[in-house]
Amino acid sequence: MPPSRTDRHRVHDVAVLGSGLPGTVLGAVLARAGADVVVLDETARAGGVTGESLTPRAAVALRAVAERYEVPEIEALASFEGCARRVGSAFGVRRHFGFLYHREGLAQDPREVHQYTNGPLADAPHLYRPDTDAYMLHVALRHGCGLSLGAPVEDMAADGSGVTLARADGSEVRARFVVDASGRSSPVARLLGLREEPTRLRHRSRSLWTHMAGVRRTDEVLATARPGVPGPPIPWHEGSVHHVFEGGWLWVIPFDNHKAGRAPLCSVGVGLDPRRHPAEPGRPPGDDFAALVARFPDLERQFALAAPVREWESADPVQYSSTRTVGERWCLLGESAGAVDRLFYRDLSDTVEAINLLAWRLLDALREDDFDPGRFEQVERLQQALLDRNDELVGSAYAAFSDHALWNAVFRVWAWGTGAGTFRLQEALTKYRSDGRDAHFREIEETRHPGLLWPDHDGFRKLFEEMVARCRAFEAGIIGGGDAAAELWEIIRSADFVPRHLGYAEPDQPYIHPTPRKALRSLRWVRAHGDPELRRVLGGNAREALRSRLRGRTFF
């Protein structure tokens with residue numbers, strides 16, 4: 001039951017600020033393990049729309065948390081089938097990540113597209129966050145979390161035995177530890193003066209977003225404009241579509257792209273470099289969006305009949321960071337610690353991975369009554385490194401949006417890093433399933449390059465750094481986009497840790513779509529030419545994925 005607002009003498013083990021997905025996933029995990037947890041918020045709400053497109057890494061991370069901490073309800077969020085069966089019908093399906101390159105005033109060139117498909121992986125959901133967050137809140141409550149809605153937190157005071165949170169209505173909540181998962185407006189960050197001013201993050205962008213009805217399907221728009229031009233392996237509408245252009249990108253995440261869909265909506269938004277797309281003072285976000293899409297013929301057709309179904313939201317700038325994410329009896333989790341940009345959707349996977357590191361340490365601290373900040377230093381290290389590496393990745397992509405040849409190379413670095421990092425986490429989960437040893441998860445927490453897409457491979461770290469350096473040089477006018485791209489491709493094609501035949505190392509192949517035939521060819525190449533780490537991480541997972549595919553099943 002929710003704790004009484006007047007129960008000033010009760011001391012909870014953990015107070016979690018924020019009733020959105022991060023806070024309730026952590027709350028469910030801790031409560032399932034026997035901790036006394038209370039979730040505080042002003043209202044039970046979705047907390048924004050970040051994390052609507054589920055990445056492969058986020059799906060595996062959710063499964064890992066679900067199994068490791070014995071909260072099976074979390075696993076429902078990791079697949080489209082699970083969401084449809086356990087949560088509701090307002091979810092879309094994501095069978096790919098698609099990118100279409102646009103030039104102002106011109107029709108989209110069908111040769112300048114990319115698609116990164118699920119292959120043998122399970123279909124992922126487009127998370128309709130109002131339903132997802134409500135589902136996880138009820139899961140947390142069923143596992144014993146308390147819920148206290150009402151006035152915001154206005155003050156906090158820590159002492160040797162806990163933390164007192166004072167709320168605007170005069171009530172107080174006492175806990176042994178506080179986790180702030182409330183996002184950008186984090187009370188803990190505000191009260192402790194943790195925000196970096198200015199932020200150390202180098203990338204700058206502004207964003208605006210909403211849910212819309214009446215958005216034409218991308219496939220329909222392109223087919224009308226260019227009849228007879230072959231489409232991608234999977235229709236654009238069956239995944240997350242990203243329209244990229246100089247200085248920005250626009251996302252279209254449909255919730256009605258399957259037969260059982262009951263929400264005729266799309267999540268729509270843009271990320272913009274303010275140097276190329278400055279905000280006009282006083283212009284409403286909807287007018288800002290309309291003015292942008294009018295510059296690109298295909299986008300103008302796609303949104304000709306579209307209308308928002310809720311208020312536009314915006315952030316300018318998107319970026320913020322914190323000097324610390326853990327301290328004396330407190331932790332900033334996920335977007336309470338900082339944010340870079342929604343491009344590549346790392347927010348949710350990063351947060352779930354942080355939960356995986358934080359939860360067992362916090363449970364140990366509760367049992368031992370020892371909350372020395374040093375025991376949470378690995379959480380601090382991971383979250384700060386994720387911000388820094390995401391800053392470099394997104395900044396490189398925005399720079400490359402000005403030259404398709406360079407973007408073509410940057411796309412491959414992101415795609416293979418995402419794949420390798422996902423396989424790495426899946427390997428630990430597969431081992432855990434075989435013997436139940438928690439050590440498999442703890443072993444992969446220790447990495448040489450935290451925050452990197454593939455965090456324990458020196459060769460990939462070097463490739464990533466070369467990408468960042470060349471994109472920055474291109475942005476500064478030191479090198480041309482074609483030359484920067486050629487140098488990156490030379491590194492990619494000579495690397496023995498980037499698999500062949502799947503599209504990662506083939507610049508003329510726009511689609512990374514691992515059919516069984518391509519996978520077999522790639523596995524032969526990996527066995528003959530791949531470095532030991534690639535053979536280990538990709539080999540075992542890929543063989544199992546291929547067996548599942550041949551048996552008509554999905555993997556992960």
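Q: In which sense do strand β12 and β13 pair, and over how many bridges?
A: The model is a predicted one. Strand β12 covers residues 240-245, and β13 covers residues 248-254. The two strands pair in the antiparallel sense, and the number of bridges is 5.

Q: Which residue of β13 is the bridge partner of His243?
A: β12 and β13 form a hairpin with 2 residues between the strands, where Gly247 takes a positive phi near 85 degrees. Within this pairing, the partner of His243 in β13 is Leu250.

Q: Which residue in β14 stands opposite Trp249?
A: β13 is also joined to β14, by 7 bridges, and these strands run antiparallel. The residue of β14 opposite Trp249 is Gly271.

Q: How many of the residues of strand β13 are buried?
A: One side of β13 carries Gly248, Leu250, Val252 and Pro254, and the other carries Trp249, Trp251 and Ile253. Residues on both sides are buried, so that both faces are covered. The number of buried residues in β13 is 7 of 7.

Q: Within what arc do the buried residues of α14 fall, seen down its axis?
A: Helix α14 spans residues 481-494 and reaches 20 Å from its first C-alpha to its last, close to the 20 Å expected. Its buried residues are Gly481, Ala484, Ala485, Leu488, Trp489 and Ile492. Residues three or four places apart in an α-helix point the same way, because there are 3.6 residues a turn. The buried residues of α14 line one face of the helix, so their arc is 130 degrees.

Q: Which exposed residues does the face of α14 turned away from its buried side carry?
A: The buried residues of α14 are covered by elements that include α11 (404-435) and α13. The face turned away from that buried side carries the exposed residues Glu490 and Ser494.

Q: How many residues apart in sequence are the parts tied together by Glu445 and Arg68?
A: The side chains of Glu445 and Arg68 meet in a salt bridge at 3.9 Å, N to O. Glu445 lies in helix α12 (residues 439-445) and Arg68 in helix α2 (residues 56-68), so the pair ties together parts whose separation in sequence is 377 residues.

Q: Is Glu445 buried or exposed?
A: Glu445 has a relative accessibility of 8%, and the cut-off for a buried residue is under 20%. Its partner in the salt bridge, Arg68, has a relative accessible area of 7% and is buried. By the cut-off, Glu445 therefore counts as buried.

Q: Which residues are linked with Arg68 and Glu445 in a network of salt bridges?
A: A search of the whole structure finds 47 salt bridges. Arg68 and Glu445 belong to a network of such bridges, and the other residues linked in it are Arg361, Asp438 and Arg442.

Q: What is the N to O distance in the salt bridge of Arg176 and Asp369?
A: Arg176 is in strand β10 (residues 172-180), and Asp369 is in the loop between α9 and α10, 193 residues apart. Arg176 counts as buried at 17% relative accessibility. The side chains of Arg176 and Asp369 meet at an N to O distance of 3.2 Å.

Q: With which residue does Glu475 form a salt bridge?
A: Glu475, in helix α13 (residues 458-475), is linked to a residue in the loop between β14 and α7, 200 residues apart. The closest N and O atoms of the pair are 2.8 Å apart, and the partner is Arg275.

Note on methods:
Residues numbered from 1 in each chain as written. Predicted model: local features only at pLDDT ≥ 70, side-chain atom pairs only at ≥ 80, totals over all residues. Heavy atoms only, no water. Salt bridge = Lys/Arg side-chain N within 4 Å of Asp/Glu carboxyl O. Helix = DSSP H or I, 4+ residues; strand = E, 2+ residues; numbered from the N terminus. Buried < 20%, exposed > 50% of the residue type's maximum accessible area, 1.4 Å probe, protein only. Expected span 1.5 Å × (residues − 1). Arc of directions from axis to C-beta. Contact = heavy atoms within 4.5 Å. Pairing = 2+ DSSP bridges.
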